[in-house]
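Take a look at the model below. We will walk through it one piece at a time.

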Amino acid sequence: MIINRDNDRIRLFNRRAVVLGGGQSLLVSALVGRMYYLQVIEADRYRMLAEENRINLRLLPPPRGRVLDRFGEPLAVNRQNFRVLIVSEQTRDLAATLDALADVIDLSEYDRDRVQKEVRRRRSFVPVTVRENLNWEEMARIQVNAPDLPGVIVDEGLMRHYPQNQTAAHVLGYVSSVDEDVLIDDPLLQLPGFRIGKAGMEQEFDLVLRGAGGTSQVEVNALGRVIRELERKEGEAGKDLILTLDQRLQRFTAERLGAESAASVVMDIHTGEVLVMVSTPSYDPNAFNRGLTQREWNALVGDPRAPMTNKAISGQYSPGSTFKMIVALAALEQGAITADQTVTCKGYTELGSRRAHCWEGRGHGAMDMVQAIAQSCDVYFYEIASRVGVDRIAKMARRLGLGSSTGVGLAGERDGLIPTEAWKRATLGESWQKGETFNVGIGQGHVLATPLQLAVMASRLSTGLAVEPVLTRQMMMEDTVRQRPTKPFEVLDFDPAHLAVVRLGMFEVLNGPRGTARASQLKIPGVQMSGKTGTTQVKSISMAEREAGLPDIDEIPWNERTHALFVAYAPEENPRYALSVIVEHGGSASIVAAPIARDIMTEVLRLDPSRKPRINDDQVAVSQPGAPA
Amino acid sequence: MTDTGFLAARLRRGDMTLAEKLWQMSWSLVFWLCAIATIGFFMLYSAANASLDPWTTRQAMRFGLGLVMLLTIAMIDIRLVMRYAYPFYAIVLALLVFVEVRGVVGGGAQRWIDLGLINLQPSELIKVALVLALARYFHSLSLEDTGRPMFLIVPLLMVFVPVVLILRQPDLGTSLMVVMGAGVLFFMAGVRLWKFITLIVATLAAIPITWPLLAEYQQNRILTFINPERDPLGAGYHILQSKIALGSGGLFGKGFLQGTQSHLNFLPEQQTDFIFTMLAEEMGLVGGVSLIGLYVIVLIYGFAIALRCRHQFGRLVAIGVTTTFFLYVFINVAMVMGLIPVVGVPLPLISYGGTALLTIMLCMGLLMSVYVHRDVQIGVRGGYDDG
C-alpha cells in the first residue's frame with residue numbers, strides 16, 4: 001500500500017523533475033544567449049564604450065609667446081603660477097567647500113560670486129579657477145587640509161606677466177579669460193583659466209602668440225584619477241613677438257608725461273619703426289589677467305582722463321598750428337605765395353563783418369613764410385589758406401599721412417578727419433564757408449588728427465618720403481609670423497626748395513630769436529631739433545571774453561583748457577627721429593608740450609636706438625622655453 | 001552505482017561505518033566544486049589587482065573549512081537530518097526574528113550576526129532550513145493529502161513567516177529567492193498546477209497594493225531595471241558599467257588581470273556580486289560559458305542524486321538544494337547582464353563572502369548526504385520502514 005503510494009509519488013516527482021530541469025535549461029540557455037548577444041554581437045559597441053570610459057583626452061596648453069622690445073627686453077612673459085581650482089561635481093556642497101577653502105586661504109566675496117556663477121555656466125566636471133598666484137604657504141595649507149576640501153585641486157600653470165606694468169600697456173594690450181561667445185573656436189579656449197589677447201598686440205597677434213595645444217591621452221579610473229599616460233602629443237609653443245619699441249624710452253616718456261592726460265609717439269623716420277608709443281594715464285595689464293572687480297573696472301571706464309584709451313592712435317585732436325606746415329607746402333606748391341612774399345599781421349583779419357584773430361593780439365607785422373611758421377602767425381595762414389582753398393590743403397594733408405588710419409596694426413586706430421567741400425556737403429548737407437577755410441588754415445575747425453598721424457607727418461616732412469609707421473617687423477601671414485617685407489618708402493615728390501622753406505620755419509621755431517619754442521632747444525651741444533607748437537582751443541572764445549582779456553590758465557576748468565601739441569624731428573642736419581606730443585588741456589604748447597618734446601628727444605638721441613643692433617629674431621625663437629606647463 | 005551483496009542491505013538500513021560512507025561519496029562532485037572554487041580564487045586574486053590579499057587567502061581558508069563541513073554533513077545519517085529539520089528551522093527563524101528585533105532596537109538595518117570569521121546572515125540559512133522543513137513535511141504527506149488545500153496551510157505558513165521577516169529587512173532579492181525555492185518544492189511534492197496559477201494571478205493583482213509599501217530604493221531598482229539608461233550616473237550606472245565590461249570582453253576576453261573596467265573601478269563590488277562580470281571581461285564568452293558549464297554539471301549531479309534517491313525526503317532535499325544553487329547562479333548572472341534588477345545575490349563558490357559560501361557548502365553537504373544515504377528506508381515519521 002505504502003509502496004504503491006510511494007510509486008505514484010516517484011512517477012510524479014520524475015515527471016515534474018523533467019519539467020523543472022527543462023525550465024532550468026531554458027533559463028541557462030537564456031543566460032548564454034544574453035552573453036552571446038553582449039560579448040559577440042554588441043562587442044564592438046561595448047569595447048568602444050569601455051575605451052571611452054578609460055581614456056581621457058587632455059589638452060596641454062602651450063606656453064604663450066613672449067613679447068619683446070627691439071633689444072629683447074621682455075614686455076610680456078609667462079610666470080609660474082600656482083592656482084586653486086574647484087570641480088563642482090566632486091564637492092558634496094559647493095558653498096560648504098568654498099567656506100572651508102576660505103578658512104585656509106584668503107577668498108574675497110567677489111571671487112566666491114565669480115566661482116559660483118562660472119560653476120553654473122559650465123558643466124559640473126569642468127574645473128573652475130578659484131584663485132591664482134598662490135604662494136608656497138597657501139599651497140601647503142591647501143595640501144594639508146585636502147581631506148576637508150573635496151573637489152579642490154591645486155595645479156601649476158603659466159600666467160601672463162607684464163614686467164613693465166603700465167609703461168607699454170596700450171601697445172601690448174592684455175589677456176583675459178575667454179568670453180562665452182567665442183568658446184567654440186579652438187578647444188584650447190575651453191581650458192579653465194585660459195587667456196586670450198583682448199587688446200593691443202596681444203589681441204592683434206593672438207593666434208601667433210597662442211601656439212597650438214598638445215594632447216595627452218591618459219587612462220583614468222572611475223573616479224577620474226589619472227592612472228597613467230598612454231600617449232602624448234606635444235603642442236607648439238606660441239611664437240615670440242618682437243616690437244620696435246625701446247622699453248627704456250617708453251618708460252622715460254611715460255614718466256616724463258607723468259600724471260598728465262597725454263600721448264607721445266617717437267618714430268624712426270627712415271624705417272617708420274615706432275620707438276615710443278605712450279598714452280597716459282595708463283592701466284596695469286596684470287590686473288586684467290588677475291580679473292578686475294566691478295569697481296576697478298568702473299573706475300577705469302569712468303575716469304575722464306580715459307586710461308583705457310590709447311590716445312596715440314584713438315585720440316583725435318585738432319592739430320592746430322602743427323597743421324601750418326601742410327598749408328604752407330600746399331600754398332608753395334600751388335604758387336599762391338612764394339617764400340619771400342609777406343603778409344602783414346595786425347592781430348586780426350576781416351571776414352565780412354567778423355574778425356578772425358591771431359593768437360598775438362598786437363599783431364606780428366610783416367610775415368614771410370619762415371617767420372610765419374616760427375612765430376605761428378595765424379593771420380598769415382588765414383590769408384594763404386583762403387588763397388589755396390580747402391580742397392588743395394586736404395590733398396596735401398593726405399599726402400603727409402593725415403585723414404586716414406596709418407595701419408600700424410593696432411585695433412582701435414582712428415582715421416582723423418581732413419575736411420573738404422564735398423565732405424561737408426555729403427555729411428552735413430551744407431556748403432563750405434570761407435570762414436571755415438580760415439579755421440582749416442590754422443588746423444582747427446573740422447580738422448582732426450591722431451598723435452601717431454602727427455608723428456608720421458613730421459617724419460614725412462623731414463624725409464620727403466611716404467614714411468609708414470610699424471610697431472613690429474613681423475607680420476601675420478597664414479597664421480605664421482614672417483618678416484615684414486622691407487620696401488623703400490614712396491617719394492612724395494615735393495620740390496626740395498619748398499621743403500627747405502618749411503623745414504627752416506620749423507628750425508626757427510626752436511632756434512630762431514622769435515620762435516614760439518625757443519626756450520626748448522635741445523641741451524646737447526651742436527645738435528638742434530626742428531618742430532612746431534600747436535595750442536588748440538577746445539571751446540570757442542566769445543567776443544566778450546576777448547574784450548575782457550583772456551583769463552589766466554589756472555582759472556579755467558581743466559576740461560576747458562587748451563590742448564598743447566608739439567611735433568618735431570632731430571637732429572636738424574641729418575634727421576633720424578620724429579616725435580609728436582599732445583597734452584590734453586595742458587595749456588600753452590610752448591610752455592607745456594615743447595619742453596616735454598625736448599626732454600624726450602634728448603633721451604632718444606642719447607640712447608640712439610636706431611644705430612644699435614637689434615635683437616636677432618632667429619636667436620629669440622631658439623631661446624624660447626619650450627617646456628609646456 | 002549498483003548495489004553489491006551485503007553492502008546493499010546495510011545501505012538500506014543505513015548503518016555504514018564512516019569509512020564506508022566516505023567510500024560512498026561522489027568524489028567527482030567534490031572535484032567539480034573544487035574546480036569552481038579554484039576559478040573563484042583566481043578571480044579574487046585579479047579583483048585585488050594581482051594580490052592574494054585581502055580576499056583570496058581568506059576565501060581559500062573558508063573553502064577548506066567548508067569542505068570539511070560538507071564531508072561531515074554528508075556522513076550524518078539522513079534520518080537524523082530529518083528528525084532535526086523542524087528544530088533547525090525553528091532556530092534559524094528565531095535568529096531571523098532576533099536580527100529583526102535588534103534592527104528595530106538598534107535603528108539600523110543590520111542583517112547579520114557577527115561570528116568572528118564570518119558574519120552569519122539568517123536570511124541565507126533560512127533557505128536551507130526551509131528546504132529541510134518542507135521536505136520533512138511533504139515526506140510525511142501522502143499524495144492524496146497533498147491535493148487537499150487544508151494540508152497546504154502549514155507549509156505555506158512556514159514559507160510566509162520568514163519571507164515577511166526578510167522583506168522587512170528589507171531584502172527583496174532574498175525573499176523572492178526563498179519564495180521561488182519553496183515554490184519548486186511545492187511543485188515537486190505534487191501540488192496541483194492550477195493552485196500555482198491562482199497564486200501567481202493573486203500576486204500580480206496585489207502589485208498595485210504592495211508597490212507603495214516598497215522602499216524607495218527597491219522601487220528605483222525595479223524602475224531602473226525596466227530602463228537601465230534612465231539614470232546613467234545613478235542607479236543604472238552599475239548595470240551599464242557591468243554590461244560595458246561584459247561586452248568589451250568579447251569572445252576571448254582581455255586576458256587575466258587585464259580587465260580595464262574592473263581594474264579601473266568602473267565595476268562596483270567586483271569581488272562579490274559583480275565577479276562574474278570581471279571573469280567575463282577578462283576571459284570573454286569562452287570563460288563565462290565554461291563557468292556556466294561547470295555550474296550545469298553540478299546541477300546535473302543534483303538532479304541525478306534526487307532521481308536516484310529512494311525516499312521522498314531525500315528527493316525533495318536534493319531537488320531543493322539544487323534549485324537553491326541554481327537560483328544563486330541564475331539570479332546573479334542574469335543581474336550582472338542586465339536581465340533582471342540589481343539584487344544582492346552572490347555567485348556560488350566564486351563571490352567573496354562567508355555566509356554565502358557556508359550556505360552553499362551546507363547545501364552541497366546535504367546533497368552529498370542524500371547521495372550517501374540514497375537507499376536508506378525511512379518511515380512516514382522518520383523511523384525505519386514501519387509500513
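**A hairpin to start**

Strand 14 and strand 15 of chain A form a hairpin, with two residues between them. In the turn, A:G352 has a positive phi of about 60°. Strands here are DSSP runs of E with at least two residues, helices are runs of H or I with at least four, and both are numbered from the N terminus. Strand 14 covers residues 348-351 of chain A and strand 15 covers residues 354-357. The two run antiparallel, joined by four bridges. Two strands pair if DSSP finds at least two bridges between them. A:L351 has A:R354 in strand 15 of chain A as its bridge partner.

This is a predicted model: local features need pLDDT of at least 70, side-chain atom pairs count only at pLDDT 80 or more, and totals for chains, interfaces and linings use all residues. Residues are numbered from 1 along each chain as its sequence is written, while chains are lettered from A and ligands numbered from 1 in the order in which they are written.

Next, helix 15 of chain A, residues 378-388. Nine of its 11 residues are buried (20 or more other C-beta atoms within 10 Å of a residue's own, with C-beta atoms placed from the backbone). Among them are A:Y380, A:F381 and A:Y382. The charged residues A:D378 and A:E383 are buried too. Just after this helix, A:G389 takes a positive phi of about 95°.

Now find helix 9 of chain A, residues 247-257. Its buried residues include A:L249, A:F252 and A:L257. What do the buried residues of helix 9 of chain A pack against? They pack against strand 3, strand 11, strand 12 and helix 22 of chain A. Just after helix 9, A:G258 takes a positive phi of about 55°.

Move to chain B. The axes of helix 16 (residues 312-336) and helix 17 (residues 354-372) of chain B come within 9 Å and cross at roughly 150°. Axes are lines fitted to C-alpha atoms over the stretch in contact, and angles run from 0 to 180 degrees between N-to-C directions. The two helices of chain B are therefore roughly antiparallel (over 145 degrees). B:V317 and B:V321 are among the residues of helix 16 that meet helix 17 of chain B.

In all, 36 residues of chain A are in contact (C-beta atoms, placed from the backbone, within 7 Å) with 41 residues of chain B. Helix 1 of chain A gives the largest share of chain A's side, 22 residues.

Conventions
Two residues are in contact if their C-beta atoms, placed from the backbone, lie within 7 Å. Angles under 35 degrees count as roughly parallel, over 145 as roughly antiparallel, 65 to 115 as roughly perpendicular and the rest as oblique. A residue is buried if 20 or more other C-beta atoms lie within 10 Å of its own, exposed if 12 or fewer, and partly exposed in between; C-beta atoms are placed from the backbone.
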